[in-house]
Amino acid sequence: KNIVCCRNSACCERFFPAAQKKGRKAGRTVEATVCSVVYLAAQEMKVPRTLKELCAVTSSTKKDIGKTFKHVEQMLQSMGEYKGAAPTSAADIIPRFVSNLRLPNELEKLAVQIAVASASDLQGRVYTSVAGAAIYMAYLLCYGLPVTQGVPPRTAKDISEATGAAEATIRQVYREMHGFRHRLFAPGADGKGGLPDFIPPGRLDAIPDH
């Protein structure tokens, strides 16, 4: 996977020298420091990566990267190199995961809508799990079950592999979403929201709860 894209490589080059110098003194490994720098740079450039994605292409553990990341973030902030970034949300990472699943833009927009609308009800849930559940619900709304003929089949397991969230967790979050699914598509005062026109009538009531 191309974890460091051209958009954030310049950020990495700016962060790394200072991070490595301070990190070595604190006993941090070079690899964990590199992962932390990539994680922060990706956040700053609004192309966030998950810790699981970084673990998949290195020998560092999630725990190692997490501990080093906090140290590197504090150090760079104290030096004025990093001003911080908004926490990553499910809506931030859905476009990339939908692309990896080779699903259409319409489904991506619907999944983002679901993730944004469910945010207040799912506080405390990990954003990758919310993203996975939103993609799963969007897929069922777009294609139904059994899936419309000619549509690429995508299961909760496929979505789990794409997002890094456990299949069981995606299903659990999806069940929570299913319980308040009608609220997700209630039009707002500005008239926005609601189900897209391409979703067949009755599909929202017909999707399974698991």
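A: The protein exposes about 11,100 Å², and carbon and sulfur atoms supply 53% of that area; accessible areas here come from the Shrake-Rupley method with a 1.4 Å probe, and for residues only the protein chains shown count as cover. This is a predicted model, in which local features need pLDDT of at least 70 and side-chain atom pairs count only at pLDDT 80 or more, while totals for chains, interfaces and linings use all residues. Residues are numbered from 1 along each chain as its sequence is written, and side-chain values use heavy atoms, with hydrogens and water left out.

Of the 210 residues of the protein, 45% count as buried, where buried means under 20% relative accessible area, exposed means over 50%, and partly exposed lies in between (1.4 Å probe, protein chains only). The secondary structure comes to eleven helices and zero strands; helices (H or I, at least four residues) and strands (E, at least two) are DSSP runs, numbered from the N terminus. Among the contacts in the protein with a separation of 6 or more, 72% are accounted for by residues 24 or more positions apart, a contact being heavy atoms within 4.5 Å.

The part to look at closely is the run from helix 5 (residues 90-100) through helix 6 (residues 105-118) and helix 7 (residues 127-143) to helix 8 (156-163). Two packed helices are described by the angle between their axes and the distance between the axes. The axes are lines fitted to C-alpha atoms, for helices over the stretch in contact, and the angles run from 0 to 180 degrees between N-to-C directions.

Helix 5 and helix 6 pack at an angle of about 155 degrees, with their axes 9 Å apart. That angle makes helix 5 roughly antiparallel to helix 6, since angles under 35 degrees count as roughly parallel, over 145 as roughly antiparallel, 65 to 115 as roughly perpendicular and the rest as oblique. Helix 5 passes helix 6 in a right-handed crossing; a crossing is left-handed if the near helix is turned anticlockwise from the far one by less than a right angle, and right-handed if clockwise. On the helix 5 side the contact is made by A90, A91, I94, P95 and V98, and on the helix 6 side by L107, E108, A111, V112, A115 and V116. These residues divide into ten nonpolar, no polar and one charged, where Ala, Val, Leu, Ile, Met, Phe, Trp, Tyr, Cys and Pro count as nonpolar, Asp, Glu, Lys and Arg as charged, and the others, Gly among them, as polar.

Between helix 5 and helix 6 there is a loop, and R102 has its place there. Most residues other than glycine have a negative phi. R102, however, has a positive phi of about 60 degrees although it is not a glycine, and at 71% relative accessibility R102 counts as exposed. F97, which lies in helix 5, counts as buried at 0% relative accessibility. Leaving aside neighbours within four places in sequence, F97 is in contact with T50, E53, I135, A162 and T163.

Helix 6 contributes L107, L110, A111, I114, A115 and S118 to the contact, while helix 7 contributes V130, A134, I135, M137, A138, Y139, L141, C142 and Y143. By class, this contact of helix 6 with helix 7 has 14 nonpolar, one polar and no charged residues.

Helix 7 also packs with helix 8, at an angle of about 145 degrees and with the axes 10 Å apart, and this crossing is right-handed. In the loop between helix 7 and helix 8 lies P153, which is exposed, with a relative accessible area of 58%. Not counting residues up to four places away in sequence, P153 touches Y139 and D158. P153 and L101 are 52 residues apart in sequence and 10.0 Å apart in space, C-alpha to C-alpha.
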